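Look at the fold below with its strands, rings and open space in mind. The paragraphs after it walk through these in turn.

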Amino acid sequence: QLQLVEFGGGLVQPGGSLRLSCAASGFTLDYYAIGWFRQAPGKEREGVSCISRSGVSTVYADSVKGRFTISRDNAKNTVFLQMNSLKPEDTAVYYCAAGYRITPLQALLCTTRDMDYNYWGQGTQVTVSS
């Protein structure tokens with residue numbers, strides 16, 4: 001069974017940090033670009049960040065640039081999202097997603113469009129509040 005599971009969500013004060021993990025089971029992430037998305041109550045899902053299959057390229061939403069860092073450890077079949085200087089507006093359910101990238105060019109790129117992803121995790125809640 002192909003599965004993505006997110007870990008690391010929780011309650012944190014403004015200015016604090018969290019590290020989210022996205023672990024895959026049943027398949028290897030080596031051939032996938034990985035995206036992180038979030039959805040706040042009453043809002044549409046938005047792309048937060050992505051990392052290419054090769055790890056060469058990363059993309060960040062303007063709202064998180066300079067605060068969030070995405071990385072991947074293919075040996076552990078896991079992708080991470082380090083979130084620093086968290087703000088109340090970062091409160092949301094965070095999802096990771098995997099998109100299959102087969103060609104050499106595709107391996108270099110990623111997007112934060114949810115239509116480009118095939119597998120999704122169940123989400124982890126991040127709440128930033130004092």
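Which ring does the charged end of R19 sit over? That ring belongs to F80, and its centre is 3.9 Å away. A charge sits over a ring if NZ of Lys or CZ of Arg is within 6 Å of the ring centre and within 35 degrees of the ring normal.

Some ground rules come next. This is a predicted model, where local features need pLDDT of at least 70, side-chain atom pairs count only at pLDDT 80 or more, and totals for chains, interfaces and linings use all residues. Residues are numbered from 1 along each chain as its sequence is written, and side-chain values use heavy atoms, with hydrogens and water left out.

Turn to the strands. Helices (H or I, at least four residues) and strands (E, at least two) are DSSP runs, numbered from the N terminus. Two strands pair if DSSP finds at least two bridges between them.

Strand β1, residues 3–7, has L4 and E6 on a covered face. Its uncovered face holds Q3, V5 and F7. β1 runs antiparallel to β3, and 5 bridges join them. E6 has C22 in β3 as its bridge partner.

Strand β5 spans residues 46–51 and is mostly covered, with 5 of its 6 residues buried. It is joined to β4 by 5 bridges, and the two run antiparallel. There I34 has I51 in β5 as its bridge partner. The hairpin of β4 and β5 has 6 residues between the strands, and G42 takes a positive phi near 80° in it. β5 also pairs with strand β6, residues 58–60, in the antiparallel sense over 3 bridges. S49 has Y60 in β6 as its bridge partner. The hairpin of β5 and β6 has 6 residues between the strands, and here G55 takes a positive phi near 85°.

Which residues have a positive phi although they are not glycines? N77 is one, at about 55°. It is placed in the loop between β7 (68–73) and β8 (78–83). N77 counts as buried because its relative accessibility is 14%. S85 is another, with a phi of about 50°. S85 lies in the loop between β8 and β9 (92–100). At 40% relative accessibility, S85 counts as partly exposed.

Now the aromatic rings. Rings of Phe, Tyr and Trp (its six-membered ring) pair if their centres lie within 6.5 Å; planes under 30 degrees apart count as stacked, over 60 as edge-to-face and the rest as tilted. By this rule there are 7 aromatic pairs. Why is the pair of F27 and Y119 called tilted? The ring centres of F27 and Y119 are 5.4 Å apart and the planes stand at 40°, so the pair is tilted. This pair links distant parts of the chain, 92 residues apart: F27 is in the loop between β3 (18–25) and β4 (32–39), and Y119 is in strand β10 (residues 119–120). F27 is buried, with a relative accessible area of 12%. Y119 is partly exposed, at 29% relative accessibility. Ring pairs also link F27, Y32, Y100 and Y119 into a cluster.

Sequence distance and spatial distance can be set side by side. P104 is in helix α1 (residues 104–107). With a relative accessibility of 68%, P104 counts as exposed. Between P104 and R53 lie 51 residues of sequence separation and 9.6 Å of space, C-alpha to C-alpha. S129 lies in the segment after β11 (124–128). S129 is partly exposed, with a relative accessible area of 37%. S129 and V79 are 50 residues apart in sequence and 25 Å apart in space, C-alpha to C-alpha.

Notes. Buried < 20%, exposed > 50% of the residue type's maximum accessible area, 1.4 Å probe, protein only.
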